[in-house]
Amino acid sequence: MAQASYDLIVIGEGIAGLTCANHAARAGLKVATFEANLFGGLVINITELEGYPEGRETSGAELASELMEANGSLAVTSVQEPVEGVVPGEGGFALRTGGSRYSARAIVAASGARLRKLGVPGEAEFEGRGVSQCADCDGPMFQNETVVVVGGGDAALQEALVLAKFCARVHVVHRGDRFRARGHFVERVSATPNIAVEWNTVLEAIEGGKMVEKVRLRRAGDGAVREFACAGVFVNVGLEPNAGYLPEAVRRDERGFVVTSDGLETAVPGLFAIGAVRSRYSGLLKDAAAEAERAAAAVVAKLSA
Ligand SMILES: Cc1cc2nc3c(=O)[nH]c(=O)nc-3n(C[C@H](O)[C@H](O)[C@H](O)COP(=O)(O)OP(=O)(O)OC[C@H]3O[C@@H](n4cnc5c(N)ncnc54)[C@H](O)[C@@H]3O)c2cc1C
(Lines give C-alpha, C1' and ligand atoms only; values in the text may rest on other atoms or scores of the structure.)
Protein backbone atom coordinates (compact mmCIF):
# COMPACT_ATOMS: atom_id res chain seq x y z
CA MET A 1 0.00 0.00 0.00
CA ALA A 2 1.50 3.36 -1.07
CA GLN A 3 2.47 5.85 1.62
CA ALA A 4 3.43 9.44 0.88
CA SER A 5 3.80 12.19 3.43
CA TYR A 6 3.28 15.92 3.19
CA ASP A 7 3.39 18.99 5.40
CA LEU A 8 -0.18 19.80 4.38
CA ILE A 9 -2.93 17.84 2.69
CA VAL A 10 -5.84 19.88 1.36
CA ILE A 11 -9.01 17.86 0.79
CA GLY A 12 -10.98 19.18 -2.20
CA GLU A 13 -9.89 20.94 -5.38
CA GLY A 14 -12.66 23.54 -5.39
CA ILE A 15 -11.70 27.22 -5.39
CA ALA A 16 -11.10 27.18 -1.61
CA GLY A 17 -8.84 24.12 -1.64
CA LEU A 18 -6.84 25.16 -4.70
CA THR A 19 -6.29 28.67 -3.32
CA CYS A 20 -5.21 27.34 0.07
CA ALA A 21 -2.73 24.90 -1.49
CA ASN A 22 -1.35 27.75 -3.59
CA HIS A 23 -0.64 29.98 -0.60
CA ALA A 24 0.83 27.13 1.47
CA ALA A 25 3.12 25.99 -1.36
CA ARG A 26 4.29 29.55 -1.96
CA ALA A 27 5.24 29.68 1.73
CA GLY A 28 7.46 26.64 1.18
CA LEU A 29 5.29 23.76 2.46
CA LYS A 30 5.15 20.37 0.78
CA VAL A 31 1.50 20.20 -0.23
CA ALA A 32 -0.91 17.73 -1.82
CA THR A 33 -4.51 18.29 -2.89
CA PHE A 34 -7.03 15.43 -3.08
CA GLU A 35 -10.11 15.43 -5.31
CA ALA A 36 -12.97 12.95 -5.54
CA ASN A 37 -14.35 14.20 -8.87
CA LEU A 38 -13.25 16.85 -11.32
CA PHE A 39 -11.32 19.87 -9.96
CA GLY A 40 -13.28 23.13 -9.70
CA GLY A 41 -16.09 22.05 -7.38
CA LEU A 42 -19.50 23.75 -7.44
CA VAL A 43 -18.52 26.45 -9.93
CA ILE A 44 -16.94 24.23 -12.58
CA ASN A 45 -19.93 24.70 -14.94
CA ILE A 46 -20.64 28.36 -14.16
CA THR A 47 -19.85 30.36 -17.30
CA GLU A 48 -19.97 33.81 -15.68
CA LEU A 49 -18.72 34.04 -12.09
CA GLU A 50 -20.31 36.76 -10.01
CA GLY A 51 -18.14 38.92 -7.72
CA TYR A 52 -14.89 36.96 -7.95
CA PRO A 53 -12.15 37.39 -9.06
CA GLU A 54 -12.67 41.12 -8.56
CA GLY A 55 -12.54 43.27 -11.68
CA ARG A 56 -12.35 40.36 -14.11
CA GLU A 57 -14.97 38.33 -15.95
CA THR A 58 -14.25 34.63 -16.04
CA SER A 59 -15.83 31.21 -15.83
CA GLY A 60 -15.48 28.66 -13.04
CA ALA A 61 -13.59 26.26 -15.29
CA GLU A 62 -11.13 28.96 -16.34
CA LEU A 63 -10.45 30.10 -12.78
CA ALA A 64 -10.01 26.54 -11.51
CA SER A 65 -7.72 25.64 -14.43
CA GLU A 66 -5.54 28.69 -13.72
CA LEU A 67 -5.21 27.66 -10.08
CA MET A 68 -4.43 24.03 -11.00
CA GLU A 69 -1.74 25.20 -13.39
CA ALA A 70 -0.23 27.58 -10.84
CA ASN A 71 -0.23 24.81 -8.23
CA GLY A 72 1.44 22.45 -10.67
CA SER A 73 4.26 24.92 -11.18
CA LEU A 74 4.64 25.16 -7.37
CA ALA A 75 5.07 21.35 -7.20
CA VAL A 76 1.73 20.78 -5.43
CA THR A 77 0.81 17.10 -5.88
CA SER A 78 -2.74 16.58 -7.17
CA VAL A 79 -4.21 13.21 -6.21
CA GLN A 80 -7.41 12.09 -7.94
CA GLU A 81 -8.79 9.94 -5.14
CA PRO A 82 -11.73 10.48 -2.77
CA VAL A 83 -10.66 10.77 0.85
CA GLU A 84 -12.47 8.17 2.94
CA GLY A 85 -11.04 8.84 6.37
CA VAL A 86 -8.79 11.15 8.36
CA VAL A 87 -7.26 9.82 11.58
CA PRO A 88 -5.47 12.15 14.00
CA GLY A 89 -2.28 10.69 15.47
CA GLU A 90 1.06 11.57 17.02
CA GLY A 91 2.30 14.77 15.39
CA GLY A 92 -0.05 14.61 12.42
CA PHE A 93 -2.72 12.73 10.52
CA ALA A 94 -3.16 9.53 8.57
CA LEU A 95 -5.40 9.85 5.54
CA ARG A 96 -7.16 6.95 3.89
CA THR A 97 -8.41 6.70 0.30
CA GLY A 98 -9.78 3.63 -1.50
CA GLY A 99 -6.36 2.25 -2.42
CA SER A 100 -3.72 4.10 -0.44
CA ARG A 101 -2.64 5.72 2.78
CA TYR A 102 -1.01 9.11 3.13
CA SER A 103 0.17 11.23 6.04
CA ALA A 104 0.37 14.94 6.74
CA ARG A 105 1.37 17.23 9.58
CA ALA A 106 -1.76 19.34 9.01
CA ILE A 107 -5.03 18.98 7.11
CA VAL A 108 -7.31 21.57 5.53
CA ALA A 109 -10.79 20.23 4.79
CA ALA A 110 -12.03 22.14 1.73
CA SER A 111 -14.44 19.47 0.57
CA GLY A 112 -17.33 21.86 0.05
CA ALA A 113 -20.91 20.82 -0.36
CA ARG A 114 -23.30 19.21 -2.80
CA LEU A 115 -26.62 20.52 -4.09
CA ARG A 116 -29.59 19.21 -2.10
CA LYS A 117 -32.29 17.25 -3.83
CA LEU A 118 -35.96 18.08 -3.35
CA GLY A 119 -36.89 14.49 -2.53
CA VAL A 120 -40.22 14.60 -4.39
CA PRO A 121 -41.75 11.89 -6.60
CA GLY A 122 -40.38 12.04 -10.15
CA GLU A 123 -37.16 13.87 -9.27
CA ALA A 124 -34.86 10.83 -9.46
CA GLU A 125 -36.88 9.20 -12.24
CA PHE A 126 -36.58 12.23 -14.57
CA GLU A 127 -32.98 13.17 -13.76
CA GLY A 128 -31.31 13.85 -17.13
CA ARG A 129 -34.75 13.74 -18.79
CA GLY A 130 -35.82 17.23 -17.82
CA VAL A 131 -34.65 17.42 -14.22
CA SER A 132 -31.29 19.17 -13.81
CA GLN A 133 -29.16 21.08 -11.29
CA CYS A 134 -27.02 22.94 -13.85
CA ALA A 135 -28.48 25.73 -16.00
CA ASP A 136 -25.19 26.41 -17.79
CA CYS A 137 -24.85 22.75 -18.81
CA ASP A 138 -28.45 21.89 -19.67
CA GLY A 139 -30.12 25.26 -20.38
CA PRO A 140 -29.39 25.16 -24.15
CA MET A 141 -31.51 21.99 -24.41
CA PHE A 142 -34.59 24.00 -23.38
CA GLN A 143 -34.61 26.58 -26.21
CA ASN A 144 -38.04 28.27 -26.37
CA GLU A 145 -39.49 25.96 -23.70
CA THR A 146 -41.05 26.69 -20.32
CA VAL A 147 -38.98 25.61 -17.32
CA VAL A 148 -39.31 25.77 -13.54
CA VAL A 149 -36.54 26.75 -11.12
CA VAL A 150 -37.08 25.70 -7.51
CA GLY A 151 -35.38 27.82 -4.82
CA GLY A 152 -34.99 31.37 -3.60
CA GLY A 153 -31.31 32.01 -2.87
CA ASP A 154 -28.49 33.58 -4.91
CA ALA A 155 -27.70 30.39 -6.82
CA ALA A 156 -31.36 29.73 -7.75
CA LEU A 157 -31.80 33.25 -9.14
CA GLN A 158 -28.45 33.09 -10.93
CA GLU A 159 -29.66 29.86 -12.57
CA ALA A 160 -33.00 31.48 -13.51
CA LEU A 161 -31.16 34.38 -15.19
CA VAL A 162 -29.05 31.95 -17.23
CA LEU A 163 -32.14 29.98 -18.28
CA ALA A 164 -33.99 33.15 -19.28
CA LYS A 165 -31.48 33.54 -22.13
CA PHE A 166 -32.59 30.25 -23.69
CA CYS A 167 -36.14 29.56 -22.54
CA ALA A 168 -39.45 31.13 -23.50
CA ARG A 169 -40.57 31.30 -19.84
CA VAL A 170 -38.85 30.65 -16.53
CA HIS A 171 -41.05 30.16 -13.45
CA VAL A 172 -39.26 30.45 -10.13
CA VAL A 173 -41.10 28.39 -7.53
CA HIS A 174 -40.33 29.63 -4.03
CA ARG A 175 -41.89 28.47 -0.78
CA GLY A 176 -41.47 31.86 0.92
CA ASP A 177 -42.90 35.29 0.23
CA ARG A 178 -39.50 36.90 -0.37
CA PHE A 179 -36.16 35.78 -1.76
CA ARG A 180 -33.11 35.06 0.42
CA ALA A 181 -30.91 36.25 -2.46
CA ARG A 182 -28.86 39.43 -2.61
CA GLY A 183 -30.54 42.60 -3.91
CA HIS A 184 -28.89 42.78 -7.30
CA PHE A 185 -30.05 39.24 -8.20
CA VAL A 186 -33.61 40.08 -7.09
CA GLU A 187 -33.58 43.29 -9.14
CA ARG A 188 -32.29 41.53 -12.24
CA VAL A 189 -34.92 38.80 -11.91
CA SER A 190 -37.73 41.38 -11.52
CA ALA A 191 -36.46 43.24 -14.59
CA THR A 192 -36.34 40.13 -16.81
CA PRO A 193 -39.65 39.93 -18.67
CA ASN A 194 -39.69 36.16 -19.24
CA ILE A 195 -39.14 35.27 -15.55
CA ALA A 196 -42.21 34.89 -13.32
CA VAL A 197 -42.27 34.01 -9.62
CA GLU A 198 -44.67 31.61 -7.89
CA TRP A 199 -44.50 32.82 -4.26
CA ASN A 200 -45.52 30.70 -1.26
CA THR A 201 -45.54 27.62 -3.43
CA VAL A 202 -43.95 24.19 -3.13
CA LEU A 203 -43.28 21.72 -5.88
CA GLU A 204 -44.83 18.39 -4.86
CA ALA A 205 -44.19 16.10 -7.84
CA ILE A 206 -42.63 15.94 -11.29
CA GLU A 207 -44.54 14.02 -13.95
CA GLY A 208 -44.27 13.09 -17.60
CA GLY A 209 -43.76 10.27 -20.07
CA LYS A 210 -40.36 9.87 -21.66
CA MET A 211 -39.44 13.42 -20.58
CA VAL A 212 -40.77 15.89 -17.99
CA GLU A 213 -44.16 17.27 -19.05
CA LYS A 214 -45.56 18.92 -15.92
CA VAL A 215 -45.15 19.56 -12.21
CA ARG A 216 -47.65 19.58 -9.36
CA LEU A 217 -47.57 22.78 -7.30
CA ARG A 218 -49.17 23.37 -3.89
CA ARG A 219 -49.87 26.86 -2.62
CA ALA A 220 -49.17 27.47 1.07
CA GLY A 221 -52.13 28.83 3.04
CA ASP A 222 -55.15 27.39 1.24
CA GLY A 223 -53.25 24.26 0.06
CA ALA A 224 -54.61 24.60 -3.48
CA VAL A 225 -52.93 22.14 -5.87
CA ARG A 226 -52.53 22.70 -9.59
CA GLU A 227 -50.66 21.21 -12.49
CA PHE A 228 -48.20 23.34 -14.40
CA ALA A 229 -46.91 22.32 -17.85
CA CYS A 230 -43.14 22.60 -18.30
CA ALA A 231 -40.28 20.81 -20.06
CA GLY A 232 -37.60 21.26 -17.41
CA VAL A 233 -37.14 21.49 -13.65
CA PHE A 234 -33.97 23.04 -12.18
CA VAL A 235 -33.58 22.37 -8.46
CA ASN A 236 -31.49 24.76 -6.37
CA VAL A 237 -32.64 24.48 -2.78
CA GLY A 238 -29.43 24.69 -0.81
CA LEU A 239 -26.43 22.59 0.04
CA GLU A 240 -25.39 19.58 2.11
CA PRO A 241 -21.81 19.37 3.44
CA ASN A 242 -19.25 16.82 2.23
CA ALA A 243 -17.98 16.08 5.72
CA GLY A 244 -18.72 12.37 6.28
CA TYR A 245 -15.04 11.35 6.06
CA LEU A 246 -13.95 13.60 8.95
CA PRO A 247 -13.40 12.16 12.45
CA GLU A 248 -16.29 12.27 14.92
CA ALA A 249 -14.28 14.59 17.17
CA VAL A 250 -14.75 17.36 14.57
CA ARG A 251 -17.79 19.34 15.72
CA ARG A 252 -20.65 19.88 13.26
CA ASP A 253 -23.61 22.25 13.42
CA GLU A 254 -27.23 21.01 13.28
CA ARG A 255 -27.05 20.75 9.46
CA GLY A 256 -23.75 18.84 9.48
CA PHE A 257 -21.46 21.74 8.47
CA VAL A 258 -18.05 21.81 10.20
CA VAL A 259 -17.70 24.19 13.14
CA THR A 260 -14.38 26.02 13.41
CA SER A 261 -12.80 28.64 15.65
CA ASP A 262 -12.38 32.16 14.28
CA GLY A 263 -8.94 30.93 13.24
CA LEU A 264 -10.62 28.27 11.02
CA GLU A 265 -9.34 25.34 13.15
CA THR A 266 -11.78 22.55 13.98
CA ALA A 267 -12.12 20.89 17.39
CA VAL A 268 -9.20 18.64 16.31
CA PRO A 269 -5.94 20.63 16.54
CA GLY A 270 -4.12 20.85 13.21
CA LEU A 271 -7.28 20.10 11.22
CA PHE A 272 -8.71 23.23 9.59
CA ALA A 273 -11.89 23.73 7.53
CA ILE A 274 -12.64 26.40 4.93
CA GLY A 275 -15.24 27.34 2.33
CA ALA A 276 -18.56 25.62 1.71
CA VAL A 277 -17.98 22.72 4.13
CA ARG A 278 -17.68 25.17 7.01
CA SER A 279 -20.51 26.31 9.24
CA ARG A 280 -21.17 30.07 8.91
CA TYR A 281 -19.41 30.32 5.52
CA SER A 282 -20.94 33.23 3.61
CA GLY A 283 -21.46 31.30 0.37
CA LEU A 284 -19.30 33.71 -1.64
CA LEU A 285 -16.19 32.73 -3.56
CA LYS A 286 -14.34 35.84 -2.43
CA ASP A 287 -14.75 34.68 1.18
CA ALA A 288 -13.73 31.11 0.28
CA ALA A 289 -10.51 32.53 -1.18
CA ALA A 290 -9.94 34.77 1.87
CA GLU A 291 -10.48 31.82 4.25
CA ALA A 292 -8.08 29.77 2.13
CA GLU A 293 -5.35 32.35 2.51
CA ARG A 294 -5.92 32.67 6.27
CA ALA A 295 -5.90 28.90 6.80
CA ALA A 296 -2.66 28.53 4.82
CA ALA A 297 -1.04 31.22 7.01
CA ALA A 298 -2.33 29.50 10.17
CA VAL A 299 -0.89 26.14 9.05
CA VAL A 300 2.46 27.72 8.20
CA ALA A 301 2.56 29.38 11.65
CA LYS A 302 1.57 26.15 13.42
CA LEU A 303 4.13 23.99 11.63
CA SER A 304 6.96 26.44 12.20
CA ALA A 305 6.17 26.96 15.92
C1 LIG B 1 -25.16 27.16 -9.23
C2 LIG B 1 -24.18 27.92 -8.37
C3 LIG B 1 -23.60 29.08 -8.84
C4 LIG B 1 -22.70 29.80 -8.05
N5 LIG B 1 -22.16 30.94 -8.54
C6 LIG B 1 -21.33 31.68 -7.76
C7 LIG B 1 -20.77 32.90 -8.25
O8 LIG B 1 -20.97 33.27 -9.40
N9 LIG B 1 -20.00 33.64 -7.39
C10 LIG B 1 -19.75 33.24 -6.10
O11 LIG B 1 -19.07 33.98 -5.36
N12 LIG B 1 -20.24 32.07 -5.64
C13 LIG B 1 -21.02 31.29 -6.42
N14 LIG B 1 -21.52 30.10 -5.95
C15 LIG B 1 -21.08 29.63 -4.63
C16 LIG B 1 -19.74 28.88 -4.81
O17 LIG B 1 -19.94 27.88 -5.75
C18 LIG B 1 -19.24 28.24 -3.51
O19 LIG B 1 -19.27 29.16 -2.47
C20 LIG B 1 -17.80 27.74 -3.72
O21 LIG B 1 -17.76 26.91 -4.85
C22 LIG B 1 -17.28 27.02 -2.52
O23 LIG B 1 -16.01 26.53 -2.83
P24 LIG B 1 -15.36 25.34 -2.03
O25 LIG B 1 -14.01 25.14 -2.64
O26 LIG B 1 -15.45 25.62 -0.58
O27 LIG B 1 -16.29 24.05 -2.26
P28 LIG B 1 -16.70 23.25 -3.57
O29 LIG B 1 -16.82 24.13 -4.74
O30 LIG B 1 -17.89 22.44 -3.16
O31 LIG B 1 -15.46 22.26 -3.81
C32 LIG B 1 -15.21 21.16 -2.98
C33 LIG B 1 -14.46 20.08 -3.73
O34 LIG B 1 -14.14 19.02 -2.82
C35 LIG B 1 -14.33 17.77 -3.47
N36 LIG B 1 -14.58 16.74 -2.45
C37 LIG B 1 -15.68 16.56 -1.69
N38 LIG B 1 -15.53 15.50 -0.86
C39 LIG B 1 -14.30 15.01 -1.11
C40 LIG B 1 -13.56 13.91 -0.58
N41 LIG B 1 -14.06 13.12 0.38
N42 LIG B 1 -12.32 13.65 -1.08
C43 LIG B 1 -11.79 14.46 -2.04
N44 LIG B 1 -12.45 15.52 -2.59
C45 LIG B 1 -13.69 15.78 -2.12
C46 LIG B 1 -15.55 18.04 -4.35
O47 LIG B 1 -15.62 17.08 -5.40
C48 LIG B 1 -15.26 19.46 -4.85
O49 LIG B 1 -14.52 19.46 -6.04
C50 LIG B 1 -22.39 29.34 -6.74
C51 LIG B 1 -22.96 28.14 -6.27
C52 LIG B 1 -23.84 27.43 -7.08
C53 LIG B 1 -24.44 26.18 -6.54
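Which residue of β15 is the bridge partner of V150? Residues are numbered from 1 along each chain as its sequence is written. This is a predicted model, in which local features need pLDDT of at least 70 and side-chain atom pairs count only at pLDDT 80 or more, while totals for chains, interfaces and linings use all residues.

Let us begin with the strands. Helices (H or I, at least four residues) and strands (E, at least two) are DSSP runs, numbered from the N terminus. Two strands pair if DSSP finds at least two bridges between them. An open sheet of five strands runs in the order β8-β15-β9-β10-β11, and its pairing is parallel. Its edge strands are β8 (131-132) and β11 (195-198), each of which pairs on one side only. Within this sheet, strand β9 (residues 146-150) joins strand β15 (residues 232-235) in the parallel sense over four bridges. Here is the partner we were looking for: V150 is bridged to V235 in β15.

Another open sheet has three strands, ordered β12-β13-β14, and here the pairing is antiparallel. Since β12 (201-208) and β14 (225-229) stand at the edges with a single partner strand each, one side of each is left without a neighbour in the sheet. From one strand to the next, the twist averages 25°. Seven bridges link β12 and strand β13 (residues 212-219) in the antiparallel sense, and E207 has K214 of β13 as its bridge partner.

Now for the helices. Two packed helices are described by the angle between their axes and the distance between the axes. Axes here are lines fitted to C-alpha atoms, for helices over the stretch in contact, and angles run from 0 to 180 degrees between N-to-C directions. The axes of helix α1 (residues 15-26) and helix α2 (residues 60-73) come within 10 Å and cross at roughly 25°. By class, the contact of α1 with α2 has nine nonpolar, three polar and no charged residues. Ala, Val, Leu, Ile, Met, Phe, Trp, Tyr, Cys and Pro count as nonpolar, Asp, Glu, Lys and Arg as charged, and the others, Gly among them, as polar.

Helix α1 also meets helix α6 (residues 285-304): their axes come within 8 Å and cross at roughly 35°. Residues of α1 in this contact include I15, A16 and T19, and those of α6 include L285, A288 and A289. The contact of α1 with α6 has 12 nonpolar, two polar and two charged residues.

Next comes the ligand, which 37 residues surround, with G12, G14, G41, G112 and G275 the closest. The elements giving two or more residues to this shell are α1, β7 (113-115), α4 (154-164) and α6. The shell has 21 nonpolar, 12 polar and four charged residues.

Finally, two backbone details. Most residues other than glycine have a negative phi, and most peptide bonds are trans. The peptide bond from Y52 to P53 is cis, with omega near -10°, and P53 is found in the loop between β2 (31-34) and α2. A75 is not a glycine, yet has a positive phi of about 65°; its place is in the loop between α2 and β3 (77-79).

Note on methods:
Two residues are in contact if their C-beta atoms, placed from the backbone, lie within 7 Å. A residue is near a molecule or strand if its C-beta atom, placed from the backbone, lies within 6 Å of it.
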